[in-house]
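I opened this notebook page to keep track of what I looked up in the model, entry by entry. The sequence and the structure come before my notes.

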Amino acid sequence: GIISASVGVTDGTLSAGNSPGLLSIVGNLDLGVSSTTLVELGGVVAGTQYDVIDVSAGTATLVAGATFTVDFVNFFTAGLGDSFDVLVADSIVGDVNTLNFDFTNALLAFGLEWGTSIVNDGMRDVLRLTVQQGETIALPAPSGIALLGAGLLGLIGLRRRRRDS
């Protein structure tokens, strides 16, 4: 749909509707501290397979504490390298680190995590969700495991000797 007016969301939920879909706002968008923006991801094509809110002729203001709830739909699961430009505006004011992102219904495969950023694509500002490699956990080397095992066996032997005394 198209809204030819400024939109302010304080205690409600904003959704692109006809989801996944495209909501065009010709004016400003203000997302308040208690606002929720629902984003549905059902593929990697903007506006038809995942929700996009496009703010033209205005600024999107994201107040600290605003929430973005992200849901997978149509049996879609995102993979490494997938990215979703869910909010596009001439200018986005706000800090992505002060926003709340709820990915409860958009869980990723083991080893992957969501990245969130506000970037400029060369012409406009974009709130982008990206599937990226998660932090790796360092596992001990096999020699370290053997050493740990030998140490545990030594402790067990020491405990038995003390019990026998």
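Which backbone nitrogen lies 2.8 Å from a polar atom of the side chain of Asp 82? I found that it is the backbone nitrogen of Gly 79. For a polar contact I took a pair of N or O atoms within 3.5 Å, where within protein one atom must be able to donate a hydrogen and the other to accept it, and where residues adjacent in sequence count only if both atoms are side-chain atoms.

Before going on, I noted that this is a predicted model, in which local features need pLDDT of at least 70 and side-chain atom pairs count only at pLDDT 80 or more, while totals for chains, interfaces and linings use all residues. Residues are numbered from 1 along each chain as its sequence is written, and side-chain values use heavy atoms, with hydrogens and water left out.

Entry on Asp 82. I placed Asp 82 in the loop between β8 (67–72) and β9 (83–93), with strands taken as DSSP runs of E of at least two residues, numbered from the N terminus. Asp 82 is buried (under 20% relative accessible area, with exposed over 50% and partly exposed in between, for a 1.4 Å probe and protein chains only).

Entry on salt bridges. I counted three salt bridges in the structure, each being a side-chain nitrogen of Lys or Arg within 4 Å of a carboxyl oxygen of Asp or Glu. Arg 128 meets Asp 85 at 2.6 Å, N to O, and this pair links strand β12 with strand β9 across 43 residues. Arg 128 counts as partly exposed, because its relative accessibility is 22%. Asp 54 and Arg 124 meet at 2.9 Å, N to O, with Asp 54 in strand β7 (residues 52–62) and Arg 124 in the loop between β11 and β12, 70 residues apart. Arg 124 also forms a salt bridge with Asp 90, the closest N and O atoms being 3.2 Å apart. Asp 90 lies in strand β9, so this pair ties together parts that are 34 residues apart in sequence. Through shared partners, Asp 54, Asp 90 and Arg 124 are joined into one network.

β11 (residues 112–120) and β12 (residues 125–133) pair in the antiparallel sense over nine bridges, where pairing requires at least two bridges found by DSSP. Asn 120 stands opposite Asp 125, and among the four residues between the strands Gly 122 takes a positive phi near 105°.

Entry on the parallel sheet. I traced an open sheet of four strands in the order β3-β6-β8-β10, with β3 (13–15) and β10 (100–105) as the edge strands, each pairing on one side only. β3 pairs with β6 (residues 36–41) over three bridges, and six bridges join β6 to β8.

Key. Lys, Arg positive; Asp, Glu negative; His and termini not counted.
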